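I opened this notebook to record what I looked up in one structure. The entries follow the order of the look-ups.

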Amino acid sequence: MKTRITELLGIEYPVVQGAMARIADGGLAGAVSEAGGLGIIACGGARPEWIRDQVARARALTSKPIGMNVMLMDPRADEVAELVVELGVEVVTTGAGSPANYMKAWKEAGVKVVPVVASSALAARMERLGADAVVAEGTEAGGHIGELTTMALIPAVCEKVSIPVIGAGGIVDGRGMLAAFALGAEGVQCGTRFLTVEECGVHEAWKEKVLAAKDSDTIVTGRGTGHPVRGLKNKFARECRKMELAAQSGEELEGMYAGSLARAVAGDVENGSVMAGQVAALVTERGTAAGVITEMVREAEALAGRSMEALAAMNAQRERA
Ligand code: TUI
């Protein structure tokens, strides 16, 4: 499957693994890249030594391109941005802010720069700054999110930029992939689907919670802090919502979230922030990184064939009328 994204990133299939903070390590990223997608090591909240180790781990698993993600709200973002160049990863994605300050250094080093955006205005700004592509991530996604749905965001971004667009947020299988392509995307990024695969080292309790999730089981917390986060409903999320409704100060609310991801990572899926996207309900199997990617691409191709036939038949019928 060839698109501008596969060409740009030097990958076989236009499927990118979303950077999940404290979860997406070199083991997952290496497996995804080896399977023909693009694996990304999530550097949000990570120490530089850990990042070095994980890049080495991914390199040991594959000789294909890999990526690093810089979480821009991370106090260590400057340091991580330098590591991107030093470690020589082929691709960098960014989230939760504008990577304007790092763009020049990355471009000069020949790194492909792919910011995640939640609006067409930011997408246009990124293109002007020299971004090679953007990920348009809708509010269906897990973790830190914007306001627009994937359905509204992908076409809006595609109208504003001429660089290729990767769709994200709510994409879990071939149906979602084809839908994103119909809206103008040339690649997809999936996070939630990779949570349950064999190569993902997230705590077993987190995997079980994703596998058991129904479509109404995600909730957004933190709107009051200006940093909304989508995750699975649990005691923590209920308490956050209660505090938000009681109109606590921003500071008090920030206090609620401190350490919440660390608790979930440690396996406390009741009192921690178990980030996941709305499509958690559609994740009913564990699988492997390679299985997820090939299955998704095969399904999208099969569906494209069918809908092309349907379109052709419709057009033929209109012709006769
Ligand atoms: O970044 C994400 N998702 C994330 S980051 C993360 S780490 C975390 N850990 C603990 C608490 C909270 C977060 C978990 N999930 N996705 C990419 C993304 N970026 N979505 C939305 C945005 C975004 C939002 C606003 C990008 C830019 C922006 O505005 C920037 C500007 O300057 O206009």
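**Conventions**

I worked with a predicted model, in which local features need pLDDT of at least 70 and side-chain atom pairs count only at pLDDT 80 or more, while totals for chains, interfaces and linings use all residues. Residues are numbered from 1 along each chain as its sequence is written, and side-chain values use heavy atoms, with hydrogens and water left out.

**Entry 1: the ligand**

I asked which residues come nearest to the ligand. Of the 16 residues around the ligand, these are Ala96, Val116, Leu122, Glu137 and His144; a residue counts as near if one of its heavy atoms lies within 4 Å of the molecule.

I then looked for polar contacts, that is, pairs of N or O atoms within 3.5 Å; within protein, one must be able to donate a hydrogen and the other to accept it, and residues adjacent in sequence count only if both atoms are side-chain atoms. A backbone N or O atom of Ala96 lies 3.0 Å from a ligand nitrogen. For Glu137, a polar side-chain atom is 3.1 Å from a nitrogen atom of the ligand. For His144, a polar backbone atom is 2.8 Å from a nitrogen atom of the ligand. The protein covers 72% of the 720 Å² of accessible area that the ligand has on its own; accessible areas come from the Shrake-Rupley method with a 1.4 Å probe, and for residues only the protein chains shown count as cover.

I noted that α6 (120–128) and β7 (143–144) each supply at least two residues of the shell. Helices (H or I, at least four residues) and strands (E, at least two) are DSSP runs, numbered from the N terminus. The shell divides into nine nonpolar, five polar and two charged residues. In that division Ala, Val, Leu, Ile, Met, Phe, Trp, Tyr, Cys and Pro count as nonpolar, Asp, Glu, Lys and Arg as charged, and the others, Gly among them, as polar.

**Entry 2: positive phi values**

I returned to Ala96, which sits in the loop between β4 (91–95) and α5 (100–108). The phi of Ala96 is near 60 degrees, a positive value in a residue other than glycine. Ala96 is partly exposed, with a relative accessible area of 25%; buried means under 20%, exposed over 50%, and partly exposed in between (1.4 Å probe, protein chains only).

Arg22 also has a positive phi, near 70 degrees. Arg22 belongs to the loop between β1 (15–17) and α2 (26–34) and is partly exposed at 41% relative accessible area. For context, most residues other than glycine have a negative phi.

**Entry 3: helix α11**

Which residues of α11 (residues 235–245) are buried? I found Phe236, Ala237, Cys240 and Glu244. Seen down the axis, these buried residues fall within an arc of 95 degrees, so they line one face of α11; the arc is that of the directions from the helix axis to the C-beta atoms. Arg238, Lys242 and Leu245 are exposed on the other side of α11. The cover over the buried residues includes β10 (218–221), β11 (229–232), α12 (250–257) and α13 (260–265).

At the start of α11, a side-chain oxygen of Asn234 comes within 3.2 Å of the backbone nitrogen of Phe236. Just after α11, Ala247 has a positive phi of about 50 degrees.

**Entry 4: helix α8**

In α8 (residues 174–182) I listed Gly174, Gly176, Met177 and Ala180 as buried. They cover an arc of only 160 degrees around the axis, which puts them on the same side of α8. Gly184 follows α8 with a positive phi near 120 degrees.

**Entry 5: two threonines**

Thr192 is found in helix α9 (residues 192–195) and is buried, at 10% relative accessible area. A polar atom of the Thr192 side chain lies 2.9 Å from the backbone nitrogen of Gly277. Beyond four places in sequence, Thr192 touches residues including Met20, Val210, Ala276 and Gly277; contact means heavy atoms within 4.5 Å.

Thr218, in strand β10, counts as buried at 11% relative accessibility. The side chains of Thr218 and Arg230 are joined by a polar contact of 3.1 Å. With neighbours within four places set aside, the contacts of Thr218 include Arg230, Ala276 and Gly277.
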